[in-house]
Amino acid sequence: MRVYLEIGKRAFQRELVYRTKNLAGLFTNACFGYLRAVPLLAAFEARGDIAGYNLQDALTWNWTVQALIMVVGLWGGWEVADTIRSGDVVSDLSKPFSFLGFWLARDYGRAIYYLLFRALPVVLIGQLLFGLRWPHHAITWAALAVSLALAVSIGFAFRFMLNLAAFWTTDARGVGGLGLIASTFLSGFLIPLAFFPDWLRPVVQALPFAGIVQTPADVFLERVTGWALMGALGQQALWAALLLGAAQGLVVIATRRVVVQGG
Amino acid sequence: MPLREYWRLYWRLVGASARGQMQYKASFLLATAGVFAANLFDFGALLVLYHRIPHLAGWSLGEVALLWGMSAVSFALADTIASGFDLVPAMIRQGDFDRLLTRPLGAFFQTIAARLTLRRLGRIGQGLVILAVAQGEVAIPWTPGKLAVLMVALAAGAAIFFSVYILGAAYAFWTVEGTEVVNTFTYGGTTMTSYPLDIFHGWLRRFVTFIFPLAFVNYYPALYLLERPDPLGLPAWAGWLSPLVATLCCVVAAWGWSFGVRHYQSTGS
Amino acid sequence: MTAGTPDAGHGGPLGRPAPGPAGGPAVYVQDLCKSFRVFRHRPGALGAVRSLVDRSSHEVRAVDGVSFTIQRGEMVGCVGPNGAGKSTTIKMLTGILHPSAGRVEVLGLSPQRRRKEVARHIGVVFGQRTQLWWDLPLIESLDLLRYVYRVPEATFERNLATFRQLLDLDLFLSTPVRQLSLGQRMRGDLAAALLHDPEILYLDEPTIGLDVVAKHRIRDFLRRINRERGVTVLLTTHDMADVEQLCSRLLIIDQGKVLYDGGLAEIRDRLGRERTLVVDLAEDGGALEGPLSVPHACEVRADGPRRWLRFSRDDTTAADLITAVASRYRLRDLTIEEPEIEAIVRRIYEAGLDSSSPAGSQGSTIE
């Protein structure tokens, strides 16, 4: 366990180096947070309530999803695929810790960095510009922490599997890009999943992608409380376990493949 | 060198880059599908929103779709032609821009001839389809003048986005850090132009009318087509101004580019 | 110090390039300077914000008052440690960079103001990067460059035939450049840089990373195009063997300044006054313990019966020393090692030209 903590810490520290890059990203998030908030203002002028959201809820959702982009890695990251293509993966696979665990630990280190230095400032900017809805119950913060941790796991496991495609194809980025585009839409990043037509909503809400963005946002908005909250977190946990398990399975298959090629 | 020879050389160089890209056919197809899907979802989100509301600041779905389509066609045109400028930050970082400057051709010409991304043509098709459906939806009473405004606006919009690309690339001559900020202007620009500008605050609307004139990509031409008055008070013929504004943008971009090239500090010792 | 125009090599397979656009020397550089602004990075998150607003910077002088002239047909080697300003100088000679101060003229023209015109008359090869289209076969790159440089059809055909033969390009002419070995790629790059019959060829580290055979082949080719076509060559390198085998003139640059500009023989004569006498002692002369003792020389290395004796030409001559050694010890064999230019140059970087204790040959090996 100590080794994973150490790996996570290193990943966190590595991000600290790219301060200018983070500031540029923060500027981008703030701009898009604003640009995407304005149509919501107009939309709620026409109707006071959309699918159970009032204007403040919608604005809070808008800034939360902007804040989460980097935390849950919505735009991806191709380091794993790069090590597979370069062949460095062979030495990583033979290290005395889990390959999946290594990258998961790194991703948590990265996520914590972006939670502190990206998500927090983005939400504060949203608060300054529009005034957001903040949780009314202290317990929500605890639930949010759990939900975020699970969201990072789901986002990671999905991205990790897209990266592993590099074992089979030279176009992992192309395949992955398609996957990410789909997940962006289905995660509730472009539009809240509650806005979807009634016949489509149950489907998109049951998919794992909902757990990457929409569920943490719902928890923060206290749209799910009590048993519903438990259910939402349970669904996230289930998907996190399933996807991480699937990712581990893929690692095993891929490792066998590497060994065969190497022999 | 006579213009005709430049033209032929352009196609030769662009053809070479296309043949290079074709070495990775699967990547090309996947990227094409990716661009297509991304725009489909983008428009899908708009549909989902309109499924819940009757109008947006008095603009119907058909009217907003008209804006969306115009913006998509213009942006995709610019994106296809100017995608060589996307390579500039990487070329500068890796020192490959040096190579351009050792050849007896202008850096601008070589950059634009470095790539023609056909994968974005899918977006032009999407934009055109949505444009066609949208104009039927809002039942524009077409006149030759309106048709001309539309055609000119699509080209002028492309030129305006094109200038943004060039200025963004020129920015990289000073620093290759924070090229993300440049994307804010290109992609932020498409986001803004996908909505009626009346919804934005006055200062931003003035900014995109008089300083960073995205309003002339589609908003003013669309107001003319829809015969809607401008909340900022510009007369109806503002819809005809797009080519003038686009020319101004190109002049500024050309100046910024050549200033940047002179400022270029090659990497390495 | 100029080497003048070398033999024209009449009757060689290579034609001479057309005369340049203007008269004068190939390259003329006077008090050339180039400074870069380097921005300070502040620590901490607040520092990053402050850096965006207040970008305090300091100047770094990469090239600091460089002057030299290269006559047409010369072949000049330019050496110096990393960051000495060699590449920056070459980039100003091609018009890539604009000088902060001073004058540059290439074939009588300013490479900055008339970059495109100058580009027609020069060829450039960067050893670390290729000029070729990465994903296309070599022949397609050459074909594209023909249009970029507007090379007449006959010239193109003639040059291509020549380079195919001299550089043995046929083996990989239709291979995508990214699949070429470093040596093959360099041969392709040389052909690409010379297709348009340039009068001047700049080479930045042309032999970097190549094996001995590939280096030999490149040097051979460069020698030929210089001799037979009269192409002026300016090359930077870290490999002194390049300079020794190709150039009659050496430029040593360090910290943006020219430390030495002159003949290779002169620098050897001036600074390389130390020689090493290597002797093999006859084994049957009894096992010798301890260093040899000979006047005016000291033993600097021993390996069984083989001993290295360093001496200075100021103190004794080789003949006297050999006599002295032979009178004391039984010798089986002997050789004299010349001072290696690499060691001399290294000494100049470290101590400057006026170093009172010149470099010897000891301990330096090339390749």
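Two residues are in contact when they have heavy atoms within 4.5 Å of each other. Keep that in mind as we start with chain C: among its contacts between residues at least 6 apart in sequence, 73% join residues at least 24 apart.

Before going on, a word about what you are looking at. This is a predicted model, in which local features need pLDDT of at least 70 and side-chain atom pairs count only at pLDDT 80 or more, while totals for chains, interfaces and linings use all residues. Residues are numbered from 1 along each chain as its sequence is written, chains are lettered from A and ligands numbered from 1 in the order in which they are written, and side-chain values use heavy atoms, with hydrogens and water left out.

How confident is the predictor about chain C? The score to look at is pLDDT, the predictor's confidence in each residue, from 0 to 100. Chain C has a mean pLDDT of 82, with 83% of its residues at 70 or more. Residues 1-19 of chain C stay under 50, and the model has 37 contacts for them beyond four places in sequence. Residues 355-367 of chain C are also below 50 in pLDDT.

Chain C is built from 11 helices and 13 strands. Here helices (H or I, at least four residues) and strands (E, at least two) are DSSP runs, numbered from the N terminus. Of its 367 residues, 51% count as buried; buried means under 20% relative accessible area, exposed over 50%, and partly exposed in between (1.4 Å probe, protein chains only).

Now look for charged pairs. Side chains of opposite charge can pair when their charged atoms come close. A salt bridge is a side-chain nitrogen of Lys or Arg within 4 Å of a carboxyl oxygen of Asp or Glu, and the structure holds 40 of them over all chains. One joins C:Glu199 to C:Arg72, with the closest N and O atoms 3.4 Å apart. This pair links distant parts of the chain, 127 residues apart: C:Glu199 is in the loop between α6 and β6 of chain C, and C:Arg72 is in the loop between β2 and β3. C:Glu199 counts as buried because its relative accessible area is 7%, whereas C:Arg72, at 26%, counts as partly exposed.

Another salt bridge, at 3.5 Å, pairs C:Asp189 with C:Arg185. Both residues lie in helix α6 of chain C, 4 residues apart, about one turn of the helix, and both are buried.

Let us move to where chains A and B meet. There, 35 residues of chain B are in contact with 33 residues of chain A. The two chains bury about 3,000 Å² between them, 76% of it on carbon and sulfur atoms; buried area is the accessible area (1.4 Å probe) that two parts lose on being put together, summed over both. In chain B, the residues that lose the most area to chain A are B:Leu30, B:Phe41 and B:Arg52. Which residues form a salt bridge here? The side chains of A:Asp198 and B:Arg52 do, at 3.5 Å from N to O.

Finally, find B:Asp198, in the loop between α10 and α11 of chain B. Its side chain makes polar contacts with those of B:Trp59 at 2.9 Å and B:Tyr219 at 2.6 Å. A polar contact is a pair of N or O atoms within 3.5 Å; within protein, one must be able to donate a hydrogen and the other to accept it, and residues adjacent in sequence count only if both atoms are side-chain atoms.
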